[in-house]
Amino acid sequence: DVKVARLKNVYASEGDGAISDLLQIELGGEGATVKVDNLAEPIVFDIPFDYDPTLEAGYDPGIRTGTCYNRSQVLSFDCDVPTTFDCGESREVTLPDGSTMTFEAPVYSGDGVPLDVTVTCPAKTAACSFWDNVTRSWSSDGCSVVANTASGVTCACTHLTDFAASTIAADADVVVGFPPSPAPSTAPTPGPTPKPTPRPTTSAPSPAPTTAQPTTPGPSPSPTH
């Protein structure tokens, strides 16, 4: 008989990617468990988990930026998947003309040109895992994902054991470059100060010519006898 039980995930630990309870699938009878491995036809089953909006189709994890001012820094980005960047490593830097060169952050802050870091956060996807008692860790060997949603994953596995849903993510896409040069000042050049146009001088009016009054001749004196 095939036994299926949903149990508390006693193997899960913070940061290991496990996101569901254990789904224990065994084959056995009369108190004995039969080990089932390398099935020619995989067994298909569903593992539910709490709704996670970051697993929705089309979800955009976004872009983050930071600056390496010196080589002792380790930048941490608040992506859905823990993402860090070690400023102490040599990096291929994209130059303004599109070419690349190998460059390092300054040894000390202010000792050289800092590096701008742009990170495209990795997207998470649901995966099928099982607890490997030999390595004492989660493994996905012999399992594949048939379908997944933001609240469950359908698995196809060629063996029976303790299964759980987990999340995986690719490495973040990182671009390193120099900070942009400050743009030249666009303040207008002051023009020459215009001189005031002198007002025309108004000449005082010339005095009107004086017209001599005609003299009225007096009476001629009478001759003296």
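Two strands count as paired if DSSP finds at least two bridges between them. Strands (E, at least two residues) are DSSP runs, numbered from the N terminus. This is a predicted model: local features need pLDDT of at least 70, side-chain atom pairs count only at pLDDT 80 or more, and totals for chains, interfaces and linings use all residues. Residues are numbered from 1 along each chain as its sequence is written, and side-chain values use heavy atoms, with hydrogens and water left out.

**View 1. Strands E10 and E16 pair antiparallel.** E10 covers residues 115-120 and E16 residues 173-177. Five bridges join them. Val 117 has Val 176 of E16 as its bridge partner.

**View 2. E8 meets E16 on one pairing and E9 on another.** E8 and E16 run parallel, with two bridges. Here Val 93 is bridged to Val 176 in E16. E8 (residues 91-94) and E9 run antiparallel, joined by four bridges. Glu 92 has Thr 102 of E9 as its bridge partner. Five residues lie between the strands of this hairpin, and Gly 98 takes a positive phi near 95 degrees.

**View 3. Five strands make an open, mixed sheet.** The order is E5-E10-E16-E8-E9. E5 (63-68) and E9 (100-103) stand at the edges with a single partner strand each, so one side of each has no neighbour in the sheet. From one strand to the next, the twist averages 35 degrees (axes are lines fitted to C-alpha atoms; angles run from 0 to 180 degrees between N-to-C directions).

**View 4. The largest pocket has a volume of about 340 Å³.** A pocket is an open set of points on a 1 Å grid over the protein atoms alone, where a 1.4 Å probe fits, with protein on both sides within 12 Å along at least five of seven lines; lining residues have an atom within 4 Å of a point. Grid points are joined across faces, edges and corners, and the volume is the space filled by probe spheres set on the points. The lining has 17 residues; Lys 35, Asn 133, His 159, Leu 160 and Thr 161 lie nearest the centre. Strands E2 (22-29), E3 (32-34) and E11 (124-132) each give two or more residues to this lining. E2 provides the largest share, four residues. Seven lining residues are nonpolar, five polar and five charged (nonpolar: Ala, Val, Leu, Ile, Met, Phe, Trp, Tyr, Cys and Pro; charged: Asp, Glu, Lys and Arg; polar: the others, Gly among them).

**View 5. The second largest pocket holds about 230 Å³ of space.** Of its 13 lining residues, Gly 15, Gly 17, Val 81, Pro 82 and Thr 167 are closest to the centre. Strand E15 (residues 162-169) gives the largest share, three residues.
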